[in-house]
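Below is a set of questions and answers for a reader new to this structure. The structure comes before them.

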Amino acid sequence: MPPEYHESRQYPLVIAFPGEFATPENYLKWYQSQAEESGAIVVVPQLSPDGAIEYGASAAEHTRFLNLLRKLKLGLRIDDDRVFIAGHGIGGEIAMDMTTSHPDLFAGVISICGLGRRHLQWTAWNAVEVPWYVVVGEGQPGWYDRIGKLLTKLMKRSDESHQFCDAMFVKYLNRGPEIYFEEADDVFAWMALHRRDRFPENINADILRSTDLSWSWVQLDSVPSQFTKLDAPSKFNDESFRPSRLKARRTNKYFAVDALPGNRCAVLLSPEMPNFDIQQSYLITRGSKRKT
């Protein structure tokens, strides 16, 4: 907690997963001094009661994370627009996976020595609106086949929105999987530049779990079971997933849902949306169905 913590103001939050590099207690020290200087709250989750470092990217693990974030927001004065997720090693994989499944929650994602999972090739552009900060060592075995291919994708335009991702990529020559203490100052300086984009104009998502229901201003009712293979625990190199597609867009006159998993969704309207006039009528469409 920042030394000056007080209920009268809100603070940025960093949720950092330690992976295989350190215990949660020791890993906290990587962030502590910079967090105190910048006034940020840092939370390091314990991945399992026995200290094992495992991650299956399952729906149950995502549910536990969402419950943790909900409890943190209920108990602490957190700025919802400055929530960052981070990790080292496997913890970086967790951070990237959570971001691509729940991009509406985060102002940025930081992965240090995380090599990613195969299904991120489908879901990476779900988080094209979220800034990425990725650090790898050239000496990490297999780094290019895993994180390299993912980063190559992030450096291109999204297939749907045709926009570039805000991606910072740092590669250390002749170094392997390390803690990279020298990155801490730059990570916090980078975080200070970013805030969450609450209301993107376009939502394009490939969905692989039943828990991935919230997408900014679109709330899904459910995801058909044939598209939820990733509900079960998986390995980093598992593939042959069949994603469900969500496509939605908004302007100052209408909200359109062009592709939808399942049969129902809710469009969440807010007076905080850019160019939204609460006195004006809006057209909401789902395929050929229209409602004013």
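Two strands pair if DSSP finds at least two bridges between them; helices (H or I, at least four residues) and strands (E, at least two) are DSSP runs, numbered from the N terminus. This is a predicted model, in which local features need pLDDT of at least 70 and side-chain atom pairs count only at pLDDT 80 or more, while totals for chains, interfaces and linings use all residues. Residues are numbered from 1 along each chain as its sequence is written, and side-chain values use heavy atoms, with hydrogens and water left out.

Q: How many bridges join strand β4 to β5?
A: Strand β4 covers residues 108-112 and runs parallel to β5. Within this pairing, isoleucine 110 stands opposite tyrosine 133 of β5. The number of bridges joining β4 to β5 is four.

Q: Which residue of β6 is the bridge partner of tyrosine 133?
A: Strand β6 (residues 167-172) runs parallel to β5, and six bridges join them. The partner of tyrosine 133 in β6 is methionine 168.

Q: Through which helix does the chain cross from β5 to β6, and what is the hand of the crossover?
A: A crossover is right-handed if, with the strands pointing away from the viewer, the path from the first strand over the helix to the second runs clockwise. The chain passes from β5 to β6 through helix α5 (residues 143-154), and this β-α-β crossover is right-handed.

Q: Which residues of β5 are buried on each of its faces?
A: Buried means under 20% relative accessible area, exposed over 50%, and partly exposed in between (1.4 Å probe, protein chains only). In a regular strand the side chains alternate between the two faces of the sheet. Strand β5 (residues 132-137) has six of its six residues buried. One side holds Trp132, Val134 and Val136, and the other holds Tyr133, Val135 and Gly137.

Q: Why do the buried residues of α6 line one face of the helix?
A: In α6 (residues 184-191), the buried residues are Ala184, Val187, Phe188, Trp190 and Met191. Seen down the axis of α6, they line one face because they fall within an arc (that of the directions from the helix axis to the C-beta atoms) of 155 degrees.

Q: Is asparagine 126 buried or exposed?
A: Asparagine 126 sits in the loop between α4 (120-123) and β5. A polar atom of its side chain lies 3.1 Å from the backbone oxygen of threonine 100. With 9% relative accessibility, asparagine 126 counts as buried.

Q: Which residue's side chain makes a polar contact of 2.8 Å with that of arginine 82?
A: Arginine 82 is in strand β3 and is partly exposed, at a relative accessible area of 23%. A polar contact is a pair of N or O atoms within 3.5 Å; within protein, one must be able to donate a hydrogen and the other to accept it, and residues adjacent in sequence count only if both atoms are side-chain atoms. The side chain joined to that of arginine 82 at 2.8 Å belongs to aspartate 79.

Q: What percentage of the 292 residues in the protein is buried?
A: The secondary structure comes to six helices and 14 strands. The C-alpha atoms fill a box of roughly 55 × 50 × 35 Å, taken along the principal axes. Of the 292 residues, the buried ones make up 50%.
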